[in-house]
Amino acid sequence: MTVEEFKEWLMKFDTDRDGRISREELKRAIRSIRGRFSGWKSRRGISYADSDGSGFIDEGEMDNLVAFARKSLGLKIVVSN
């Protein structure tokens, strides 16, 4: 999937529609791809990507989450041309 497709897919889990991804929303996303240890991975993902310490992943931090997904979730995410 492309980076844009990943971001669009992830935003489907933004259940409160605030434009940010919470730990619980990330946990649901990880579970949807049959990810194991979704609670632990969602905590690590937030910690890895949340550069301002808000506890949420916003648009400006999404590239950090892409890097986490590639590294820790084994997702193949490519840059589109």
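Modeller: A term to begin with: helices here are DSSP runs of H or I with at least four residues, numbered from the N terminus. Keep in mind that this is a predicted model.

Colleague: Fine. Which residue with a positive phi follows helix 4?

Modeller: Gly74 comes after helix 4, and its phi is positive, near 70°.

Colleague: And which residues of helix 4 are buried?

Modeller: Met62, Leu65, Val66, Phe68 and Ala69. Looking down the axis of helix 4, these buried residues fall within an arc of 160°, so they line one face of the helix.

Colleague: What covers them?

Modeller: The cover over the buried residues of helix 4 includes helix 1, helix 2 and helix 3.

Colleague: Take helix 1, then. How do helix 1 and helix 4 pack, in terms of angle and axes?

Modeller: Their axes are 11 Å apart and the angle is about 100°. An angle of 65 to 115 degrees counts as roughly perpendicular, and helix 1 and helix 4 are therefore roughly perpendicular to each other.

Colleague: Which residues meet there?

Modeller: From helix 1, Val3, Phe6, Lys7, Leu10 and Met11; from helix 4, Met62, Asp63, Leu65, Val66, Ala69 and Arg70. Sorted by class, the contact of helix 1 with helix 4 has 8 nonpolar residues, 3 charged and no polar ones.

Colleague: Back up to Lys7 in helix 1. Buried or exposed?

Modeller: Lys7 has a relative accessible area of 13%. The cut-off for buried is under 20%, so Lys7 is buried.

Colleague: What is Lys7 in contact with, leaving aside neighbours within four places in sequence?

Modeller: Glu59, Met62 and Asp63.

Colleague: Which residues of helix 1 are buried, Lys7 included?

Modeller: Helix 1 covers residues 3–11, and its buried residues are Val3, Phe6, Lys7, Trp9 and Leu10. They span an arc of only 165° around the axis, which puts them on the same side of helix 1. Those buried residues pack against helix 2 (23–32) and helix 4 (62–72).

Colleague: New topic: helix 3 and helix 4. At what angle do the axes cross?

Modeller: At roughly 135°, with the axes coming within 8 Å. That makes helix 3 oblique to helix 4. The crossing is right-handed.

Colleague: Which residues make the contact?

Modeller: Lys41, Arg44, Gly45, Tyr48 and Ala49 of helix 3, with Asn64, Leu65, Ala67, Phe68, Lys71 and Ser72 of helix 4. The residues in the contact of helix 3 with helix 4 divide into 5 nonpolar, 3 polar and 3 charged.

Conventions. Residues numbered from 1 in each chain as written. Predicted model: local features only at pLDDT ≥ 70, side-chain atom pairs only at ≥ 80, totals over all residues. Heavy atoms only, no water. Buried < 20%, exposed > 50% of the residue type's maximum accessible area, 1.4 Å probe, protein only. Helix = DSSP H or I, 4+ residues; strand = E, 2+ residues; numbered from the N terminus. Arc of directions from axis to C-beta. Contact = heavy atoms within 4.5 Å. Axes fitted to C-alpha atoms, helices over the stretch in contact; angles between N-to-C directions. Parallel < 35°, antiparallel > 145°, perpendicular 65-115°, else oblique. Left-handed = near helix turned anticlockwise from the far one by under 90°. Nonpolar A, V, L, I, M, F, W, Y, C, P; charged D, E, K, R; others polar.
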